[in-house]
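User: I would like to go through some of the labels used for this structure and ask what each one rests on. Please set the value against the criterion each time.

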There are 2 protein chains.
Amino acid sequence: MSSTLLTGIAELTTFATDGPDVLERAALVMEGSTVAWVGPEAEAPDADERVDLGGRAVIPGFVDSHSHLVFAGDRSAEFTARMAGEAYAAGGIRTTVAATRAATDEQLTAHVGRLVQEMRRQGTTTLEIKSGYGLTVRDEARSLAVAAQFTDETTFLGAHVVPEGDPAAYVELVTGPMLDAAAPYARWVDAFCETGAFDVDQARAVLEAGRAHGLRGRLHANQLGPGPGVRLAAELGLVAVDHCTYLDDADVDALRDSGTIATLLPGVEFSTRQPYPDARRLLDAGVRVAIASDCNPGSSFTSSLPFCVALAVREMGMTPTEAVRAATATGAAALDRDDVGVLEPGRRADLVVLDAPSHVHLAYRPGVPLVSSVWMGGRPLTPFS
Amino acid sequence: MSSTLLTGIAELTTFATDGPDVLERAALVMEGSTVAWVGPEAEAPDADERVDLGGRAVIPGFVDSHSHLVFAGDRSAEFTARMAGEAYAAGGIRTTVAATRAATDEQLTAHVGRLVQEMRRQGTTTLEIKSGYGLTVRDEARSLAVAAQFTDETTFLGAHVVPEGDPAAYVELVTGPMLDAAAPYARWVDAFCETGAFDVDQARAVLEAGRAHGLRGRLHANQLGPGPGVRLAAELGLVAVDHCTYLDDADVDALRDSGTIATLLPGVEFSTRQPYPDARRLLDAGVRVAIASDCNPGSSFTSSLPFCVALAVREMGMTPTEAVRAATATGAAALDRDDVGVLEPGRRADLVVLDAPSHVHLAYRPGVPLVSSVWMGGRPLTPFS
């Protein structure tokens, strides 16, 4: 198994379990696909190969724990109308559902492949992908089959919206034949618990049915207003609950006590002009916070975790280091992954080299494509410059 | 002179003087460094070479009419402190002045070159560069000599801040020996007209002295609070006045009546957490609006006009098309350039190919590096993907 020594690291952000988050003038050794050693450059051991990074910063590869990449169609006209102050088109998701159902498997696969490649170029090395634009037995199952070609972190989100007809009958479908068809391709089950989507009893039924099929639960909750979703997530001991824009003190206490991670999705608030969630309040209360892109064609068509990091600092009260941790180490925890998101011996050698001397530049230089190269499993993905 | 035909343009944004702003299913012919023809793909004439852009959108190259690229040093720690709510460090600019004075010409040139290359990769094909971190006769002149290696649009900004001592004596220096030394390398003269920097009489003196040396005036004004700077710019008939965050109705009327362009710099408000200027109000009043990066190490270290376009839509009430026009055609007008910023016969063939079907995606997909390729003077700059 060959080893590679990376030198010339001005700043190595490790988020290691023990020891400091950040090392200066550091080096890192990879053996095969794994990190074998991190430490001061002056103490670096020998290796088969040596790559000088020329004074750049290195961070763990981003872990994007929330995306909706399996879709077809474009909603840029809806976006333009919303930005001009027109009311949010309630039919938005349904537009995408119609286009997704009409697309071939090959079209869906090619589209997801392009978006995954776009994410990789921006430093995302682990990502979750949800279904939720099929909303029939056939279309949910094939959405997940497409997603599973790109990641192990696939999530069944048949309970995204009620496509038509009686909500109770649709929940029967989701928890019955749709789940049967989807479960072989999914690791997670999710529901959109919000006024106008699924109520707390329906969301609970979906998560419990999923669990009976071996799927672990996650939840969309408290995005558009206050509600019981976040407390349901805490009660069920879910690993993460996503959005968390509208929280009362009892919600925050429940998250702290349960250890459930609050995954914030600031791209949504940017692209819908809604108020941002308050990350500072959560962190100060002792809640763990992740950030993710929520990449989807309606409410947040960014695929950029660097952009989300910049927003988290500008809009949600996080420090640059907290925001990068939320998009790497805590993103990994939100997927219950202990192999990625951190750079220390034994972890996967997934890392991002920045054209900058510090991870702070991800917030200090918003919008600038600072990703110089990406390594996945110990191998350089692409030279971009 | 060889000609090249670009086909497969899903959407061609021209901002042509006559005719529609946007053509669908279009083509464009370049002859040498110039646009020779634009129109529907079905009517395209022949050319020596033919390049199929595969259904991508094309826009004019971005024109960044306001940047401060000649500097040394890093102020990311100041940025982090500001984001944590600590008061803006008044010594900020002076930190950069000290580092800039200490840098060699070669170091400054290499640093500007890196930033210009970074801008090109993001689609900026014309840019302005100011001095203003030297603030001595020698350091202002050499800053401009460095800038002039990269652009014709160089601006003498000795009146950026009073470095030390008596403001009146410093204005004497700026309008005397410093201007004599700087003028050979500059096209424009600029001053920071704001409480705490230069008052309206000092700003007027600087602009008039510059004009006597053949330099045209521009102005920083009304960034941090209301003031007389914008009305001075209108009175003097300047082509543009920059920042324009705090405007009263008389300011807006003066801009409309004089035709002076308001150049808004939303990267500053993003990175200082200040309120954004109201582009909608200006446009509705009939004022021409440009947007630029203000790329500088203190208040706005973005070099990304795509990011500024997204902010202009999210935060300043512009439509996507208005924002792209502000960063191209109106940016060119703010530099009094009639050869760039627009794609029509006779203009320079400076254009950006987007990995997207429409320029709307620059706002719809914030933070995503959508620039597929950049053509300058009829030649492809770099393939990026």
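User: Why is Arg325(B) called partly exposed?

Analyst: Arg325(B) has a relative accessible area of 29%. Buried means under 20%, exposed means over 50%, and partly exposed is what lies in between, with a 1.4 Å probe and protein chains only. The value of 29% falls in between, so Arg325(B) is partly exposed. The model is a predicted one, in which local features need pLDDT of at least 70 and side-chain atom pairs count only at pLDDT 80 or more, while totals for chains, interfaces and linings use all residues. Residues are numbered from 1 along each chain as its sequence is written, chains are lettered from A and ligands numbered from 1 in the order in which they are written, and side-chain values use heavy atoms, with hydrogens and water left out.

User: What makes the pair Asp21(B) and Arg325(B) a salt bridge?

Analyst: The closest N and O atoms of Asp21(B) and Arg325(B) are 2.6 Å apart. A salt bridge needs a side-chain nitrogen of Lys or Arg within 4 Å of a carboxyl oxygen of Asp or Glu, so the pair qualifies. Asp21(B), at a relative accessible area of 25%, is partly exposed.

User: What are the accessibility classes of Arg204(B) and Glu235(B), and what joins the two side chains?

Analyst: Their side chains meet in a salt bridge, at 2.8 Å from N to O. Arg204(B) is in helix H6 (residues 200-212) and Glu235(B) in helix H7 (residues 229-235) of chain B, 31 residues apart. Arg204(B) counts as partly exposed at 25%, whereas Glu235(B) is exposed at 51%. In chain A, salt bridges that share partners join Asp105(A), Arg138(A), Asp139(A) and Arg142(A) into one network.

User: Why is Thr151(B) called buried, and what does its side chain meet?

Analyst: Its relative accessible area is 11%, so Thr151(B) is buried under the 20% limit. Thr151(B) lies in the loop between helix H4 (137-147) and strand E7 (153-159) of chain B. A polar atom of its side chain is 2.6 Å from the backbone oxygen of Leu127(B). A polar contact is a pair of N or O atoms within 3.5 Å; within protein, one must be able to donate a hydrogen and the other to accept it, and residues adjacent in sequence count only if both atoms are side-chain atoms. Leaving aside residues up to four places away in sequence, Thr151(B) touches Leu127(B) and Ile129(B), where contact means heavy atoms within 4.5 Å.

User: What sets the phi values of His243(A) and Cys244(A) apart?

Analyst: Most residues other than glycine have a negative phi. Phi of His243(A) is positive, near 100 degrees, and that of Cys244(A) is positive too, about 55 degrees. His243(A) is found in strand E11 (residues 240-243) of chain A, and Cys244(A) in the loop between E11 and helix H8 (249-258). His243(A) counts as buried at 2%, and Cys244(A) is buried at 2%.

User: How do you know that the two copies are related as by a two-fold rotation axis?

Analyst: A rotation of 180 degrees with 0.0 Å of shift along its axis superposes chain B on chain A, with an RMSD of 0.0 Å. The copies are therefore related as by a two-fold axis. The superposition is by least squares on the C-alpha atoms of residues with pLDDT of at least 70 in both. In chain B, the C-alpha nearest the axis belongs to Gly367(B), at 2.5 Å. The same surface serves both copies, as 100% of the contact residues of chain B recur in chain A.

User: What makes up the contact between chain B and chain A?

Analyst: Each chain contributes residues: 39 from chain B and 39 from chain A. One salt bridge there joins Arg365(B) and Glu118(A), at 2.7 Å from N to O.

Methods:
Helices (H or I, at least four residues) and strands (E, at least two) are DSSP runs, numbered from the N terminus.
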